[in-house]
Amino acid sequence: MQSKANEILKIENLSKTYNKGSKSETKALRNISLTLYSGEITGLIGPNGAGKTTLIKIIMGFEPADSGLVSISGFEPNDLDVKNILSYQADAHFVSKDFTVWSYLKMHSLLYDIDKYEERLNFLLEKFSLSDAKHKKINGLSKGMRQKLELIVSFLNNSKFVLLDEPTSALDPPSVFELRDFIGNYRSEGKTVLFSSHHLTEVEKVCDRVIFIDKGEIVSDVYLSSVETGFLEDAFLKYERERRFL
Amino acid sequence: MRLFYKLIMIDFLRQWNFTKVSILLVLTVIAGFLSALPGIMGWVAEIPALYMPLTDYLLQIWKIIVPFSVLFFSSGIIAGDIKNHWIRSILIHRITRQDLLLSKIIATLVSVIITMMLLGALPVIVFATGIGVKLDFNILNFVQVLMYFIFEAILFITIATWLSCFLNGFMNIFVLAFWMFLDNILMKGVLSLWMSNSFAGSVIIDVFFPSGFSEAAIVASTSGIFPYESLLWGFASLSFFLGIAIFSFSKINIDKSSD
């Protein structure tokens, strides 16, 4: 049982509707409530349009919720102090293309105010097998390499809480193993990761807990230690057939 | 504060990509060559003037260069950076939207000032040196005119930034160019004849189609009078556009990706 002191993210009755009052009105989130605890890797899964990215964007403070409360270690998403605790890896692969890998990471290190950033950068480039590409232009990188680059940015400042939006969508199997290994070490340092993905097997291998959302609602919230291996895939298929998760 | 300076530097360096550096270098070389040509060819040997008033020449040149360099450096200033996810990538740091907006305006301003010097001041000096005429250089007058054009550049950059909050791609500079055209052709010409007598007319002309700062530069340079009225209109306009630019940027959706 997790204690209140361990809470890193608390969301209560969060709702968000796009294009309110118009024909294309979409309820992206409906009264979502959840709590994440330190040292946990949580998977956020659900079909396309379920509300995963909207939830992440609201946690990051990129857009406001219509109602509800989001608290990250006691701070609101738009509080600047949150940026010391929280970091983010985006799902898209459009990182600014004017830079080389090294200059892009150096820029983020400067903005994070990291002392001796060279050491940290070399360590992360090595971990994610990007050392050979460090002087290449981002423009010339493959989709998977750009995704690794964004992953490095999210782990750059060693923050307590990392949001990963579809982190494995463009990665090849060896890179997925590297990421899994890295996230495992991250957890052992007591850090928290919220991991949104469509890859159920991957989520099952990495996460301690899985939150399934659909049509803006939490359908299920399960600790994987309490269920059997392969549970997620079976449960997902059952949900597709019967609109019931368990 | 240190972070804010870093942000300005990063944005400034991003603006000077290979294409922009090349274009500006080529233009500087052409402007320098054309300015040196009369001296080299001896075309102006019979010019009687012994002194050339630097500020008067700069006034005429900057009136053209400032709007064009603003258009050059502020195309898609917000929309482009939302599209390539730059703004989202920066806002993961301890940076407010207001700081980011102001840093972008300042970085663009620095680029515009460099262009003003390279394509404005340098050719005039080359021209004067080439024909062997001394430059009449009044430091106070120069600084005053330079300051007014810097404010004018800030005003145009701010308008371009505001427009870029809701116009896609490079559309902001097309609209800004059209705005400048309206300002010069319609507002300051035909319409001002019957609109300037009313308060509403003055507001429309001087706040929404602003040229207070360039007028201030002309007044200061030609009459030597301190241009209170033009400056007040200029600052009124700048405050208005800066206010709506900050408001628009604070509301804009910076991440258009979806689930």
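What is the mean pLDDT of chain A?

**Figure 1. Confidence along chain A.** This is a predicted model. The mean pLDDT of chain A is 87. Of its residues, 95% reach 70 or more. Within chain A, strand S4 (residues 67-72) has the highest confidence, at 94. Helix H7 (residues 231-242) of chain A has the lowest, at a mean of 74. Where pLDDT is low, the predicted coordinates should not be read in detail.

**Figure 2. The contact between chain A and chain B.** Chain A gives 25 residues to the contact, and chain B gives 20. On the side of chain B that touches chain A, two or more residues come from each of helix H1 (2-15) and helix H5 (86-90) of chain B. H1(B) supplies the largest share of that side, 4 residues. By class, the side of chain B that touches chain A holds 9 polar, 6 charged and 5 nonpolar residues.

**Figure 3. Two packed helices in chain B.** Helix H7 (residues 139-164) of chain B packs with helix H10 (residues 212-223) of chain B. Their axes lie 8 Å apart, at an angle of about 170 degrees. Angles over 145 degrees count as roughly antiparallel, so H7(B) and H10(B) are roughly antiparallel to each other.

**Figure 4. Residues where H7(B) meets H10(B).** From H7(B) come Asn141(B), Gln144(B), Val145(B), Tyr148(B), Phe149(B), Phe151(B), Glu152(B) and Leu155(B). They meet Phe213(B), Ser214(B), Ala216(B), Ala217(B), Ala220(B) and Ser221(B) of H10(B). The contact of H7(B) with H10(B) divides into 9 nonpolar, 4 polar and 1 charged residues.

How values were computed: Residues are numbered from 1 along each chain as its sequence is written. Chains are lettered from A and ligands numbered from 1 in the order in which they are written. This is a predicted model: local features need pLDDT of at least 70, side-chain atom pairs count only at pLDDT 80 or more; totals for chains, interfaces and linings use all residues. pLDDT is the predictor's confidence in each residue, from 0 to 100. Two residues are in contact if their C-beta atoms, placed from the backbone, lie within 7 Å. Ala, Val, Leu, Ile, Met, Phe, Trp, Tyr, Cys and Pro count as nonpolar, Asp, Glu, Lys and Arg as charged, and the others, Gly among them, as polar. Axes are lines fitted to C-alpha atoms, for helices over the stretch in contact, and angles run from 0 to 180 degrees between N-to-C directions. Angles under 35 degrees count as roughly parallel, over 145 as roughly antiparallel, 65 to 115 as roughly perpendicular and the rest as oblique.
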